[in-house]
Amino acid sequence: MINISKLYCGREGESDALRYSAADSSAVAPVLRSFSEEGLAKANSSGPVVVYNCTSKCNLKCLHCYSFSQTSRCDDELNTAEAKKLLSQLAEVNCPVVLFSGGEPLLREDLFGLLAEAKRLDLRTVISTNGTLIDSAAADKLAQAGVSYAGVSIDGDEKFHDQFRASKGSFKAAVMGIENCQKAGIKTGLRFTITKSNASQIPFVFELAASIGSRRVCFYHLIRTGRAKKLNGQILTSQQTRQAVDTIIEKTDECVRKNLIDEVLTVGNHADGPFLLIKLKEFSHRRYGDVFSPQACLGVIEECQKLLTLHGGNKTGEKIACVTWDGSVHPDQFWRNYSLGSIRDKTFRQIWANEDEPVLKKLRNKSEFADKRCLKCKWFDLCRGNFRFLNSLSSSENWFNEPSCYLTDQEIT
């Protein structure tokens, strides 16, 4: 995740201590001065954030669904005892956050019991949902179970959202779900996947967030997995991606200045980090010239670069993992095509710590295995590429950057 609001606007985010933790944080002590020593120590020793796709069942059929969700529950879904066992294993590896997703997690019958178990284990839980099933009673139960945040997917305005999700009324229901969460004391945020069809609606998403008091927005770059495999025509060109990220940066700046929003993140394409830094260098005189001296402007840019380097770019297979409804472990939630192992056969720790696993080996040694163009890039240490493969074969010829890098040759050399 690239924190636009922090890096471009200086607005502190709740998860910054986790995002910018490092083995030696003393090198950037001024940057991290607002974080407690206890918070940094916990972040440094933590295992991966885990996306737990707890069910395949969903009440919608979104065109860009990465998980191939369906209207009925899969027979091989982890039962309650198995799911609780998984949660205990995640607690053992110091998982900082468990994100319950799906399908639609509210359709899992024992969801509130699993959330209560996670709370007992002192696991922080958040939820990724389409929002349509969160009435006031469900929102209260989520709050009682310790859910601290609900990310609700929005694809654009009402007409586009309902069409893209193949469900009339889903937009209004999602907004109502957000409002119910807020009344129950659960923080909310919007999740928006960028496609050719809805890139022009990025400003609308900011307007919607401001109007309903949802102070966090996550913009996802489309990755061709699950049902999204069929959306090749929805992948943005490099120029369209640049325009989309430009709009996100501009709207973030505007909304932070007006105190309408706290946190804006982009997810899935780590070229966003260098692109943001390039933009900051280009426009620092315009943003800061009337307040800071040229030397101070340079300090702001250097601090931004330190944070990006400290974040370390793409952490797929290192600081993020996914467990699907059948117990399969994956490098992240967009990697259903390849399983690292099943928690029905081994513990999560055994699977995640397997140094002989060929895919994990490549992901954790990108200085040796990354895309050739990435290895020549001056921004490699703060991006580390989007290296993955989209079929089931892990042989070298199948790896490439997905999503693709949109920086020019001149910008990376």
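Helices (H or I, at least four residues) and strands (E, at least two) are DSSP runs, numbered from the N terminus. The model is predicted: local features need pLDDT of at least 70, side-chain atom pairs count only at pLDDT 80 or more, and totals for chains, interfaces and linings use all residues. Residues are numbered from 1 along each chain as its sequence is written, and side-chain values use heavy atoms, with hydrogens and water left out.

**Exercise 1. State how many helices and strands the protein has, and what share of its residues is buried.**

Solution. Step one: the protein has 18 helices and 13 strands. Step two: of its 413 residues, 57% are buried (under 20% relative accessible area; exposed is over 50%, partly exposed in between; 1.4 Å probe, protein chains only). Step three: among contacts (heavy atoms within 4.5 Å) with a separation of 6 or more, 72% join residues 24 or more positions apart.

**Exercise 2. Find the residues that touch the most other members of the largest nonpolar core.**

Solution. Step one: a nonpolar core is a set of buried Ala, Val, Leu, Ile, Met, Phe, Trp, Tyr and Cys residues joined through side-chain atoms within 4.5 Å. Step two: the largest has 47 residues, and Leu-190 and Phe-219 touch the most other members. Step three: elements that each supply at least two residues of this core include α8 (170-183), β6 (187-194), α9 (202-212) and β7 (216-221). Step four: beyond four places in sequence, the contacts of Leu-190 include Ile-178, Val-205, Leu-208 and Val-217. Step five: a second, separate core of 45 residues includes Leu-115, Leu-340, Phe-348 and Trp-399.

**Exercise 3. Describe how α4 and α5 cross.**

Solution. Step one: the axes (lines fitted to C-alpha atoms over the stretch in contact, with angles from 0 to 180 degrees between N-to-C directions) of α4 (residues 80-92) and α5 (residues 111-120) come within 10 Å and cross at roughly 25 degrees. Step two: α4 is therefore roughly parallel to α5, the class for angles under 35 degrees. Step three: Thr-80, Ala-83, Lys-84 and Leu-87 of α4 meet Gly-113, Leu-114, Glu-117 and Ala-118 of α5.

**Exercise 4. Is Ser-56 buried or exposed?**

Solution. Step one: Ser-56 lies in the loop between β2 (49-53) and α4. Step two: Ser-56 counts as buried because its relative accessibility is 0%. Step four: the C-alpha atoms of Ser-56 and Asp-75, 19 residues apart along the chain, are separated by 9.8 Å.

How values were computed. Angles under 35 degrees count as roughly parallel, over 145 as roughly antiparallel, 65 to 115 as roughly perpendicular and the rest as oblique.
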